[in-house]
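Work through the exercises below with the structure open beside you. Try each task before reading its solution.

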Amino acid sequence: MSSATPAIHFLRRHGVEFGEHPYRYEDRGGTRVSARELGIDEHIVVKTLVMQDDQQEPLIVLMHGDREVSTKQLARQIGRKTVEPCAPAVVERHTGYVVGGCSPFGTRKELPVFIERTVLEIDRVYVNGGRRGFLVSLAPSEIVRVLGATGVDVGIVKGPRESFPS
């Protein structure tokens with residue numbers, strides 16, 4: 001499988017040292033599945049969330065896989081009235097990527113990027129590499145360097161998932 005996604009081209013162009021990690025993608029599996037497939041902790045898998053503010057200006061939030069974003073806290077910290085997730089078609093229009101394969105690197109439009117501050121405390125994180133079933137691993141400091149990401153404190157622990165007998 002070729003890794004020539006816009007994200008990979010972007011990382012190479014900016015001299016970022018990274019690893020490539022393909023895995024078996026499952027619809028609606030999210031970071032739980034990618035972590036399981038790669039044998040890593042879901043906390044070090046960083047999801048790329050495309051959101052928009054009250055002026056419908058897009059932005060990217062990078063969050064631990066096992067956390068959710070407090071949109072109220074995010075809006076407050078970045079000086080917006082409100083922030084909400086973008087619809088899948090809007091995500092694709094702004095980034096060039098489909099939901100489930102959205103990378104913060106090599107987006108169609110340059111978007112402001114906000115990163116959960118505690119992600120920066122991890123040595124190596126796993127982020128989508130530009131297609132479903134493909135993550136790249138790199139130092140979070142590289143995300144800040146190449147994207148100009150701004151640290152925010154907006155992560156909240158996910159609520160418990162319902163479990164059903166198999």
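This is a predicted model: local features need pLDDT of at least 70, side-chain atom pairs count only at pLDDT 80 or more; totals for chains, interfaces and linings use all residues.

**Exercise 1.** Decide whether strand β8 is enclosed or open, and say why.

*Solution.* 
- Step 1. Locate β8 at residues 134-138.
- Step 2. Apply the cut-off: buried means under 20% relative accessible area.
- Step 3. Check one side: Phe134, Val136 and Leu138 are buried.

**Exercise 2.** Find which strands pair with β8, and in which sense.

*Solution.* 
- Step 1. Take β1, residues 19-22. It runs antiparallel to β8, and 4 bridges join the two.
- Step 2. Pick out a partner: histidine 21 bridges to leucine 135.
- Step 3. Take β7, residues 125-131. This strand also pairs with β8 in the antiparallel sense, over 5 bridges.
- Step 4. Return to leucine 135. Asparagine 128 stands opposite this residue.
- Step 5. Look at the hairpin of β7 and β8. It has 2 residues between the strands, and glycine 133 takes a positive phi near 80 degrees.

**Exercise 3.** Describe the largest pocket: its space, its lining and the classes of its residues.

*Solution.* 
- Step 1. State the space: about 1,000 Å³.
- Step 2. Count the lining: 38 residues. Gly30, Lys47, Leu49, Val99 and Gly100 lie nearest the centre.
- Step 3. Find the main contributor: β2 gives the most, with 7 residues.
- Step 4. Sort by class: 18 nonpolar, 9 polar and 11 charged.

Technical notes. Residues are numbered from 1 along each chain as its sequence is written. Side-chain values use heavy atoms; hydrogens and water are left out. Buried means under 20% relative accessible area, exposed over 50%, partly exposed in between (1.4 Å probe, protein chains only). Two strands pair if DSSP finds at least two bridges between them. On a 1 Å grid over the protein atoms alone, a cavity is a set of points where a 1.4 Å probe fits but cannot get out, and a pocket is an open set with protein on both sides within 12 Å along at least five of seven lines; lining residues have an atom within 4 Å of a point. Grid points are joined across faces, edges and corners, and a volume is the space filled by probe spheres set on the points. Ala, Val, Leu, Ile, Met, Phe, Trp, Tyr, Cys and Pro count as nonpolar, Asp, Glu, Lys and Arg as charged, and the others, Gly among them, as polar.
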